[in-house]
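Hello,

Here is the structure I promised to pass on. Please open it first, then read my notes below.

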Amino acid sequence: MIRIDSHHHFWNYSKAQYGWISDSMQVLQRSFAPIEQKPEIDAVHIDGVVSVQARQSLEETDFLIQHAKANPWIRGGVGWIPLADSNVGSF
């Protein structure tokens, strides 16, 4: 059986970009990158992850796509796109 972590986040932490991470969440106030998370994933025998956006920006979605292209164990992603934008088809 394949084991997938269906909700996984990667980010380069910046207080300005990730304002939702409050001071009470100090454990999250750091970057989470594939290179440092892969050993943790392997240790619990997870075969792949679905990476989910942590902020609402096209840049973050592109960031996640680049990680997925470079790391085959990132099996999918949930990005963000401004669906209410009248130009949504151009993104």
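**Confidence**

In the chain, confidence is lowest in α2, at a mean of 94, and highest in β2, at 97. These values are pLDDT, the predictor's confidence in each residue, from 0 to 100. The mean pLDDT of the whole chain is 93, and 100% of its residues reach 70 or more.

This is a predicted model, in which local features need pLDDT of at least 70, side-chain atom pairs count only at pLDDT 80 or more, and totals for chains, interfaces and linings use all residues. Residues are numbered from 1 along each chain as its sequence is written, and side-chain values use heavy atoms, with hydrogens and water left out.

**Elements**

The chain holds two helices and three strands. Both kinds are DSSP runs, numbered from the N terminus: helices are H or I with at least four residues, strands are E with at least two. From the N terminus on, the order is β-α-β-α-β.

**The sheet**

Two strands pair if DSSP finds at least two bridges between them.

Now look at β2 (residues 48-52) and β3 (residues 74-78). They pair in the parallel sense over four bridges. The chain goes from β2 through helix α2 (residues 58-70) to β3, and this β-α-β crossover is right-handed. That means the path from the first strand over the helix to the second runs clockwise, with the strands pointing away from the viewer. Within the pair, Val49 stands opposite Ile74 in β3. Val52 stands opposite Val78 in β3.

**The whole chain**

The C-alpha trace spans about 45 × 35 × 20 Å along its principal axes. Of the 91 residues in the chain, 30% are buried (under 20% relative accessible area; exposed is over 50%, partly exposed in between; 1.4 Å probe, protein chains only).

Best wishes
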